[in-house]
Amino acid sequence: VVNTESATGTVADDSPVTLILDVASSGSGEVQEVLVMNAHLSASQDVEPGVWTKLNLDTIRVDGEGKKYGNDSDLVDGKFKPSVAGWYQVNGSVSQYCSPVSTNTGSVIYKNGYEDGGRIAMGSSVSGTTSSTSHVGAIVYLDGDEDYIELFGSVSSTGTNRIHGSSPYTYLTAHLIANQSSGGSDVGTTT
């Protein structure tokens, strides 16, 4: 059984948005859990030039009404570690805050750590005299138990090498798109 719910509202620039969710029901009244997370740095993070560095995401974003974009329990030691198994759309952004500005800014999402070679997505590597922000995204299965996601960043400056803190600049987002063990379903699709 699939129930369709819709909601309307506005985004940061006050443009209207409509969200349509197809929510799966097992027939026994069980509804698929909706899970989102948006984490960011609470302050800028100093890094070594040109070195891939795990970003110490430490804050769940809160909207103007005090609602959190996720659960504190899903953010553990800068890692997104959900308690619900399923397929997730994950996105990250890394912004430089160097002086002089970075000439190369990059982003990477890792599943289950750098040491295990778990790179699942390499973001744009922005090079130039004023490289600013690198974005990365992927769809990945997380088991709801041991699996986790981390955001790494790299900047290169001849001076201070720093990743920009605050949610609009450097962040990791995740959205549960289907809590099942294999792909191929349109349940949980958003438009």
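Q: What volume does the second largest pocket have?
A: Bear in mind that this is a predicted model. Its second largest pocket has a volume of about 170 Å³.

Q: Which residues line the second largest pocket?
A: The lining is made by Asp63, Gly64, Glu65, Lys67, Lys68 and Tyr69.

Q: How do the residues of that lining divide into nonpolar, polar and charged?
A: There are 4 charged residues, 1 polar and 1 nonpolar in the lining of the second largest pocket.

Q: Now the sheet. What is the order of its strands?
A: Read across the open sheet of 5 strands, and you get S6-S3-S16-S9-S13. The pairing is antiparallel.

Q: Which strands stand at the edges?
A: Strand S6 (59-60) and strand S13 (133-142) do. Each has a single partner strand, so one side of each has no neighbour in the sheet.

Q: How many bridges pair S3 with S16?
A: Strand S3, residues 36-40, and strand S16, residues 171-178, pair over 5 bridges, in the antiparallel sense. Take two residues of this pairing. Valine 36 has histidine 175 in S16 as its bridge partner. Methionine 37 stands opposite alanine 174 in S16.

Q: How many bridges join S9 to S16?
A: Strand S9, residues 86-95, is joined to S16 by 7 bridges, and the two run antiparallel. For glycine 92, the bridge partner in S16 is leucine 172.

Q: Is serine 134 buried or exposed?
A: Buried means under 20% relative accessible area. Serine 134 has 0%, so it is buried.

Q: What does the side chain of serine 134 make a polar contact with?
A: Its partner is the side chain of serine 107, at 2.8 Å. Leaving aside neighbours within four places in sequence, serine 134 is also in contact with other residues, including Gly92, Thr105, Gly123 and Val126.

Q: And a loop residue: where does glycine 144 lie?
A: Glycine 144 lies in the loop between S13 and strand S14 (149-156). At 18% relative accessibility, glycine 144 counts as buried.

Q: Which residues does glycine 144 touch, not counting residues up to four places away in sequence?
A: Glycine 144 touches Pro82, Ser83, Val84 and Ala85.

Q: How far apart are glycine 144 and lysine 81, in sequence and in space?
A: They are 63 residues apart in sequence. In space, C-alpha to C-alpha, glycine 144 and lysine 81 are 7.2 Å apart.

Terms used: Residues numbered from 1 in each chain as written. Predicted model: local features only at pLDDT ≥ 70, side-chain atom pairs only at ≥ 80, totals over all residues. Heavy atoms only, no water. 1 Å grid on protein atoms, 1.4 Å probe; cavity = no way out; pocket = protein on both sides within 12 Å on 5 of 7 lines; lining within 4 Å. Points joined across faces, edges and corners; volume = space filled by probe spheres on them. Nonpolar A, V, L, I, M, F, W, Y, C, P; charged D, E, K, R; others polar. Pairing = 2+ DSSP bridges. Helix = DSSP H or I, 4+ residues; strand = E, 2+ residues; numbered from the N terminus. Buried < 20%, exposed > 50% of the residue type's maximum accessible area, 1.4 Å probe, protein only. Polar contact = N/O pair within 3.5 Å; in protein donor to acceptor, adjacent residues only side chain to side chain. Contact = heavy atoms within 4.5 Å.
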